[in-house]
Amino acid sequence: MTLDDLLAQGAPPICAILRGIRPQEALGIGAALIDAGVRILEVPFNSPDPLASIAAMQAEYGDRALIGGGTLLSVRAVEELHGAGGRIMVTPNTDMQVIARGAELGLELLPGFMTPSEAFAAIQAGARRIKLFPAARLGPAYVKALKDVLPKHVGVWAVGGAGADTIGEWLAAGCEGIGVGGALYRPGDGAATVRDRAAELVAAWRRTP
């Protein structure tokens with residue numbers, strides 16, 4: 001399962017950032033998100049035992065969703081993610097070694113960037129998609145300006161402040177997708193709450209032109 005496959009199937013271009021999730025919650029929260037239509041699930045590595053959560057969700061939902069890890073800051077973390085069966089790696093920064101190792105292992109890459117120089121460095125290291133972070137600080141107009149100079153095949157994802165009320169603005173600016181954290185899941189949230197939020201977000205995406 002690749003991100004290209006999911007998007008071609010009509011899946012919403014939404015990555016759920018499950019920061020703080022615990023392994024015992026992972027399957028229930030994962031099911032709630034997938035049932036609502038969100039099929040890209042990221043467990044940040046500063047969550048409790050992230051590899052256990054990733055491995056559990058990959059074993060249960062890997063044929064229906066793209067599951068992986070975020071806040072990857074080292075080559076070792078990339079290798080641990082790969083070992084746990086994760087398929088997508090997300091970083092908050094632009095680390096050439098981390099990106100290149102993920103590419104070598106065949107992972108879907110979504111490295112973080114803020115400046116044009118960082119964007120082009122990530123692309124040089126092997127990324128076909130890049131994550132603008134923190135997106136809300138910069139705004140959709142920043143994406144429009146970047147898209148004028150970035151290679152046409154590179155997808156930009158907005159993370160940090162994106163949600164149901166702004167997804168249309170980001171997509172209209174040229175973003176391929178968005179990542180959503182606290183507006184979807186916060187530690188302690190139940191599956192029903194997460195399902196309702198995800199359904200609202202997917203509905204907002206469906207309303208976009």
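Predicted model: local features only at pLDDT ≥ 70, side-chain atom pairs only at ≥ 80, totals over all residues.
Residues count from 1 along each chain as its sequence is written. Local features need pLDDT of at least 70, side-chain atom pairs count only at pLDDT 80 or more, and totals for chains, interfaces and linings use all residues, while side-chain values use heavy atoms, with hydrogens and water left out.

**Exercise 1.** Work out what order the strands of the open sheet take, and where the side chains of β1 point.

*Solution.* Start with the layout: nine strands run β5-β4-β3-β2-β1-β9-β8-β7-β6 with parallel pairing (strands are DSSP E runs of at least two residues, numbered from the N terminus; a pair needs at least two DSSP bridges). β5 (108-110) and β6 (112-113) each have a single partner strand, so one side of each lacks a neighbour in the sheet.

Next, zoom in on β1 (residues 14-17). Three bridges tie β1 to β9 (residues 177-180), with Ala16 opposite Val180. Another strand, β2 (residues 40-44), also joins β1 through three bridges, and there Cys15 has Ile40 as its bridge partner.

Finally, the side chains: Ile14 and Ala16 point one way, Cys15 and Ile17 the other, and all are buried (under 20% relative accessible area, 1.4 Å probe, protein chains only).

**Exercise 2.** Find how the axes of α2 and α10 cross.

*Solution.* Take α2 (residues 23-36) and α10 (residues 191-206): their axes come within 8 Å and cross at roughly 25° (helices are DSSP H or I runs of at least four residues; axes are lines fitted to C-alpha atoms over the stretch in contact, with angles from 0 to 180 degrees between N-to-C directions). That makes α2 roughly parallel to α10, the label for angles under 35 degrees.

Terms used:
Parallel < 35°, antiparallel > 145°, perpendicular 65-115°, else oblique. Buried < 20%, exposed > 50% of the residue type's maximum accessible area, 1.4 Å probe, protein only.
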